[in-house]
Amino acid sequence: MKNRLTRNVGLKLSSVLLAVVLWLVVNSITNPTVPQTYYNIPVKLVNTDLITESGQVYEVLDGTDVINRVVVRAPRSVVSELKDENIIATADVNDISSLDTIAIKLTTDRSNRDINSITGNIDTVKLKIENEKMKSLALKTSTSGEVADGYLVGDIITDQNLVRITGPESIVDQITKASVDVEIGGMTNDIVTNAEIKLYDAEDHEVSNKNITQNIKTVGVKVGIWQKKSVPIIYNVSGIAAQGYRATGEITGSGENVEIAGKASTLRNISSIEIPAEVLDITGQTESLVKEIDLRQFLPDNIFLVNSEDAVRTVTVSVEAEISKRLEIRGDRVRMVNMPDGYQVSISELDESFVIEVIGLSRDVATLQAGNITGTVDVARWMQESGMEEPQPGFYTVEVDFGLPENVTLRDAVTVMLHISEPEEQ
């Protein structure tokens with residue numbers, strides 16, 4: 001039996017070796033090693049807390065946390081089972097180099113013993129590591145578009161007024177403004193909405209970086225939409241000018257319109273802006289009073305000027321010196337009116353002609369002519385002013401009314417003797 005096993009040993013070994021070679025040849029033909037390419041494989045960074053716990057932050061440079069192309073060389077039966085998600089790429093921060101790069105390790109989540117090789121088009125992740133910084137920014141607001149005609153944007157109120165940002169120092173230092181914008185096109189009523197907070201640099205370019213975090217991303221905003229209205233400004237004057245002077249009644253700017261804005265319900269009851277008389281006091285003035293007035297002090301509550309440049313007005317209350325003029329009036333130009341029935345009434349102590357001196361502003365006095373002036377004694381009015389219900393016979397001193405313009409006065413009153421008597425019996 002032993003002779004049989006040891007007989008032709010060389011031939012038997014050759015047969016076994018030939019069988020192995022044949023198996024390898026057949027296997028290489030039926031299941032050859034082939035390359036297979038996989039795309040956009042993400043690289044997982046591990047142990048990143050070694051950076052963040054030291055008060056630093058990192059940023060992946062040049063997109064090196066994604067391998068654009070990975071080639072796996074393995075038997076066809078193996079690669080046919082592999083998908084993109086089976087390719088595992090990791091970079092361990094423990095292995096970071098002095099150049100802030102980390103070698104990428106490539107494996108699969110399937111059996112790796114049959115894989116000849118696995119390579120990517122990049123083999124390191126590049127990092128930028130810097131100190132972390134925090135900054136607080138006052139939240140600003142803006143609007144886009146135009147409200148409807150006759151309206152304007154009023155108060156803009158946010159339910160938060162600060163936003164806190166955290167991130168790489170170099171990027172945080174670039175950010176100078178946090179703002180929200182609300183679209184107001186065609187609106188006629190208040191707007192209440194949530195708006196996204198955006199970050200901007202000093203040149204108003206938006207800064208968008210995934211490494212920047214914000215304590216709030218959106219904020220509630222209320223935009224007041226106000227109605228506009230044009231109303232006149234009424235200036236009131238108090239006091240009396242110095243003796244020999246008087247106000248002309250001319251006030252520059254009085255009656256001019258100004259545009260105001262507010263809620264429609266409030267505007268409905270406003271017809272003018274009244275400046276109180278005590279603001280323009282001409283007491284003792286010998287020349288025109290010139291004063292700057294800020295209209296905003298006198299606006300009703302919740303009413304605002306459309307244009308802030310309209311706020312301060314220079315107001316002039318004209319004051320001029322009085323002039324006098326002497327006019328000779330004929331006695332027969334004085335007559336009685338409204339005499340009581342059943343009584344005889346006459347006037348006396350009046351010369352054939354007499355002189356009156358009128359006082360007033362030049363514009364009112366200069367045009368007065370004696371021939372156009374008539375004096376009257378209104379008996380009924382005199383009785384009423386004297387408290388006389390029924391005529392009482394007697395002699396009375398009564399002033400003559402010359403019908404002078406409102407702003408013209410007599411230096412000295414002219415009086416006559418009024419005689420009332422009962423008629424003699426026939």
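A salt bridge is a side-chain nitrogen of Lys or Arg within 4 Å of a carboxyl oxygen of Asp or Glu. The views below show a predicted model.

**View 1. R381 and D401 are joined by a salt bridge.** The N to O distance between the two side chains is 3.3 Å. This pair links distant parts of the chain, 20 residues apart: R381 belongs to helix 8 (residues 379-385), and D401 to the loop between strand 27 (394-399) and strand 28. R381 counts as partly exposed, at 39% relative accessibility, and D401 is likewise classed as partly exposed, at 33%.

**View 2. K126 and D62 form a salt bridge.** The closest N and O atoms of K126 and D62 are 3.8 Å apart. K126 is found in strand 8 (residues 124-144), while D62 is in the loop between strand 2 (56-60) and strand 3 (66-75), so the pair ties together parts that are 64 residues apart in sequence. D62 is exposed, with a relative accessible area of 66%, whereas K126 is partly exposed at 36% relative accessibility.

**View 3. K133 and D173 form a salt bridge.** Here the closest N and O atoms are 2.5 Å apart. Because K133 lies in strand 8 and D173 in the loop between helix 5 (169-172) and strand 11 (175-183), the pair ties together parts that are 40 residues apart in sequence. K133 is partly exposed at 28% relative accessibility, and D173 is partly exposed at 39%. In the model as a whole, the count comes to 14 salt bridges.

**View 4. An open sheet contains 3 strands in the order 22-25-28.** The pairing in this sheet is antiparallel. Strand 22 (323-330) and strand 28 (409-410) stand at the edges; each has a single partner strand, so one side of each is left without a neighbour in the sheet. Strands of a sheet pair through backbone hydrogen bonds, either parallel or antiparallel. Strand 22 is joined to strand 25 (residues 353-360) by 8 bridges, and I329 stands opposite F354 in strand 25.

**View 5. R164 is placed in strand 10 (residues 162-168).** At 37% relative accessibility, R164 counts as partly exposed, since that value falls between the limits of 20% for buried and 50% for exposed. Apart from neighbours within four places in sequence, R164 is in contact with M134, K135, S136, T213, Q214 and N215. The C-alpha atoms of R164 and Q384 are separated by 83 Å, and the two residues are 220 residues apart along the chain.

Methods
Residues numbered from 1 in each chain as written. Predicted model: local features only at pLDDT ≥ 70, side-chain atom pairs only at ≥ 80, totals over all residues. Heavy atoms only, no water. Helix = DSSP H or I, 4+ residues; strand = E, 2+ residues; numbered from the N terminus. Buried < 20%, exposed > 50% of the residue type's maximum accessible area, 1.4 Å probe, protein only. Contact = heavy atoms within 4.5 Å. Pairing = 2+ DSSP bridges.
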